[in-house]
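Let's take a walk through this structure together, starting with the terms we need and ending with how two of its pieces pack. Have the viewer open and follow along.

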Amino acid sequence: MTFQAICERWNALYARLSSILIAVGSMVRGLPLFMSARPQTPLRVLCIMAFDTLHMLRHAKPLPKLRLRMLAALLDFGACANAAFDNKDCCRHECRITLQLLAEAGIRSSVVEYLRRLRDLESGRPLPGGDYRQFQKVGLYREAVVRLSLGIAATTANRNQCLDEGIRATCCDADLNILFRIAMQCQIIDDVLDYSKDMSAGLPSFLTASESLPQAFELTRLAALGYADDRNLPRTADVFPLRSALFLVSTCTKLVILLGQTTMTPTAAAQSTGSRNVKVKGYTFAAGRN
């Protein structure tokens, strides 16, 4: 092996170790968020850590604390908005307060645009139950919602791009594309765990998209493999922590799908079908004017 090859390998190893240390530093900075009022779930804390890591890799400095708080409020608000469109329990008073905080932070126009697009997606979402084509429609709907949510988060974190640029980045930018793949795997896990609730409420998900539950599990398994496939992703050092996270989440998704297949019997699936009618409410809490 030549001296130049040795230097290249050493530089690659050094860069990879540096990116890991940056990711660890972002995790340490984000630990207090687990004990704070916002965001309200550990998964949202991990999302903030990911965006802080990306900011550190791109700009060699962490996200400002004010922007971290904005991201936390935005993620909670997005979850509240999704719950409202799904007719699930949510505190609309808390939503209004969070929206006011985001408006005071100067991103009111982006949030209102996000809500408008989310309402359009939810009002045109596909019905559960159907064949392979229906499964594809539900998958595209799920992807559109995730890209929109990641897009508004990226817009808030960067503050130098519009919502459309943030959404496009989930396709074109390697790091945000990996985050998209991770988010889709988390969505699949959520769909498996909430299958009975989604079926009884008539909500579209990866598992409710098919009339046959065994077929739905198989199609969902294939979809998860597609999101986990990283062969076309760059192997540069700056995305190594995200690639590692994708591998871990993909492994967890496979296990959840396998457990779901072994525990959900056809009898249990038949008992949980319930009504398939879907009624989508409009945006019911105040968003103000743009």
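A residue counts as buried when its relative accessible area is under 20%, as exposed when that area is over 50%, and as partly exposed in between. Please keep in mind as you read that this is a predicted model.

With those cut-offs in hand, consider Ala-245, whose place is in helix α11. Its relative accessibility is 27%, so Ala-245 counts as partly exposed.

Let's step back for a moment to the whole protein. Its secondary structure consists of twelve helices and zero strands, so if you trace the chain from the N terminus, the elements read α-α-α-α-α-α-α-α-α-α-α-α. The protein has 290 residues, and 45% of them count as buried. Its accessible surface is about 15100 Å², with 59% of that belonging to carbon and sulfur atoms. As for how the chain comes together, take the contacts between residues at least 6 apart in sequence: 72% of these join residues at least 24 apart.

Now back to Asp-175, which sits in helix α8, spanning residues 174-193. What does the side chain of Asp-175 make a polar contact with? The partner is the side chain of Arg-58, at 2.8 Å. Leaving aside residues up to four places away in sequence, Asp-175 touches Leu-54, Arg-58, Val-239 and Leu-242.

How do the axes of α8 and α11 lie relative to each other? Helix α11 covers residues 240-263, and its axis comes within 9 Å of the axis of α8, the two crossing at roughly 20 degrees. Angles under 35 degrees count as roughly parallel, and that is why α8 and α11 are described as roughly parallel to each other. Their crossing is left-handed. On the α8 side, the contact is made by residues including Asp-175, Ile-178, Leu-179, Ile-182, Ile-189 and Val-192. On the α11 side, the residues that take part include Leu-242, Ala-245, Leu-246, Val-249, Cys-252 and Val-256.

To see it in the viewer, pick Ala-245 and Leu-179: they are 66 residues apart in sequence, with their C-alpha atoms 9.0 Å apart in space.

Conventions:
Residues are numbered from 1 along each chain as its sequence is written. This is a predicted model: local features need pLDDT of at least 70, side-chain atom pairs count only at pLDDT 80 or more; totals for chains, interfaces and linings use all residues. Side-chain values use heavy atoms; hydrogens and water are left out. Helices (H or I, at least four residues) and strands (E, at least two) are DSSP runs, numbered from the N terminus. A polar contact is a pair of N or O atoms within 3.5 Å; within protein, one must be able to donate a hydrogen and the other to accept it, and residues adjacent in sequence count only if both atoms are side-chain atoms. Contact means heavy atoms within 4.5 Å. Buried means under 20% relative accessible area, exposed over 50%, partly exposed in between (1.4 Å probe, protein chains only). Accessible areas come from the Shrake-Rupley method with a 1.4 Å probe; for residues, only the protein chains shown count as cover. Axes are lines fitted to C-alpha atoms, for helices over the stretch in contact, and angles run from 0 to 180 degrees between N-to-C directions. Angles under 35 degrees count as roughly parallel, over 145 as roughly antiparallel, 65 to 115 as roughly perpendicular and the rest as oblique. A crossing is left-handed if the near helix is turned anticlockwise from the far one by less than a right angle, and right-handed if clockwise.
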